[in-house]
Every structure is written in structure tokens, then in C-alpha cells.
Amino acid sequence: MAQADHDDYTIHLEPDNVLSLAWDPGVRIEAGNARAAVNAVNEFADGSRYPLLVKMANASHLSRSARDVFVEPCAASRIALLGENAVDRILVDYQLAAQPAPCPTRFFTSEAEARAWLVEPETEAGPPGGSLP
């Protein structure tokens with residue numbers, strides 16, 4: 001399994017072909033590190049598309065300019081945003097209402113549920129962009 005460590009996050013490809021991006025605890029997500037993360041996803045994918053698990057619960061801040069980066073299409077075929085609480089869910093709900101995601105995207109507090117959704121067949125994934133369970 002390939003892995004890359006960056007200043008603000010870690011990204012690796014899981015055995016089930018899910019890309020996993022974990023933001024470091026307390027990180028402030030601004031346009032620069034958001035762009036670096038999207039570029040890392042695209043580099044790992046190397047022209048293919050993969051489901052992407054984003055562990056976002058430990059981030060301390062997500063700027064408007066970073067949110068603008070995250071709505072651009074990338075190598076993710078679908079995105080599961082893994083948070084811990086209602087505050088994380090509110091942040092995701094707000095983002096998806098303001099700017100729809102470039103692919104099917106859902107928020108989860110359970111990693112097992114997020115992974116199950118990521119690997120289910122495309123026809124069962126639900127409508128594209130911004131669908132929440």
C-alpha cells in the first residue's frame with residue numbers, strides 16, 4: 001500500500017482500493033494545503049478514479065478558499081467525509097448546500113459505514129453531488 005506524508009495530512013491507498021486522506025489534528029485547512037491534498041489524490045490515482053475517505057474530524061478550521069478548492073473535480077469517484085459529531089455534520093451540510101460536490105459525497109460518523117458506502121456498486125450510490133444519509 002502506497003503512502004505519502006505531508007505537513008498537514010497523510011494519504012494512502014487501502015487494500016480495498018479506497019484512497020484515505022487523514023487531516024492532522026488541529027490543522028487549519030486553507031487554499032494552499034487544500035490544493036496540495038487534491039493534487040496528492042490526483043497523483044495517487046494516476047489517471048484512474050478511486051473512492052476517497054476523508055478523515056476530517058480533527059481539523060480546526062476550513063477556510064472559504066479551501067472550500068472552493070474542494071468543489072473542483074478530482075480523481076475521486078465518490079467521497080465519504082468522516083467526522084465525529086454534530087459540528088462536523090453542520091460544517092459538511094453547509095458546504096454541500098453552498099457548493100455542491102463534484103461527485104457523490106456523504107457525511108459519516110462511522111468509518112465502517114463510510115467504507116461500505118464507498119465500495120458499493122455505483123448504481124447504489126445515490127444521486128451525484130452532495131447526497132447525505
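Tutor: Accessible areas come from the Shrake-Rupley method with a 1.4 Å probe. In this predicted model, the protein exposes about 6,600 Å².

Student: Which pattern does the protein follow along the sequence?

Tutor: The secondary structure comprises 4 helices and 8 strands, and their order along the sequence is β-β-β-β-α-β-β-α-β-α-β-α. As for contacts, consider those between residues at least 6 apart in sequence: 76% of them join residues at least 24 apart.

Student: How is the largest pocket to be read, and how much space lies in it?

Tutor: A pocket is an open set of grid points, and its lining residues have an atom within 4 Å of a point. Here the largest pocket holds about 590 Å³ of space. Its lining has 30 residues, of which V54, M56, L62, F70 and L81 are the closest to the centre.

Student: Which elements each supply at least two residues of that lining?

Tutor: They are the strands β3 (19–23), β5 (50–55), β6 (61–62) and β7 (76–82), together with the helices α1 (31–45), α2 (64–70) and α3 (86–98). Helix α3 gives the most, with 6 residues.

Student: How do the lining residues divide into nonpolar, polar and charged?

Tutor: The lining of the largest pocket has 22 nonpolar, 5 polar and 3 charged residues.

How values were computed: Residues numbered from 1 in each chain as written. Predicted model: local features only at pLDDT ≥ 70, side-chain atom pairs only at ≥ 80, totals over all residues. Heavy atoms only, no water. 1 Å grid on protein atoms, 1.4 Å probe; cavity = no way out; pocket = protein on both sides within 12 Å on 5 of 7 lines; lining within 4 Å. Points joined across faces, edges and corners; volume = space filled by probe spheres on them. Nonpolar A, V, L, I, M, F, W, Y, C, P; charged D, E, K, R; others polar. Contact = heavy atoms within 4.5 Å.
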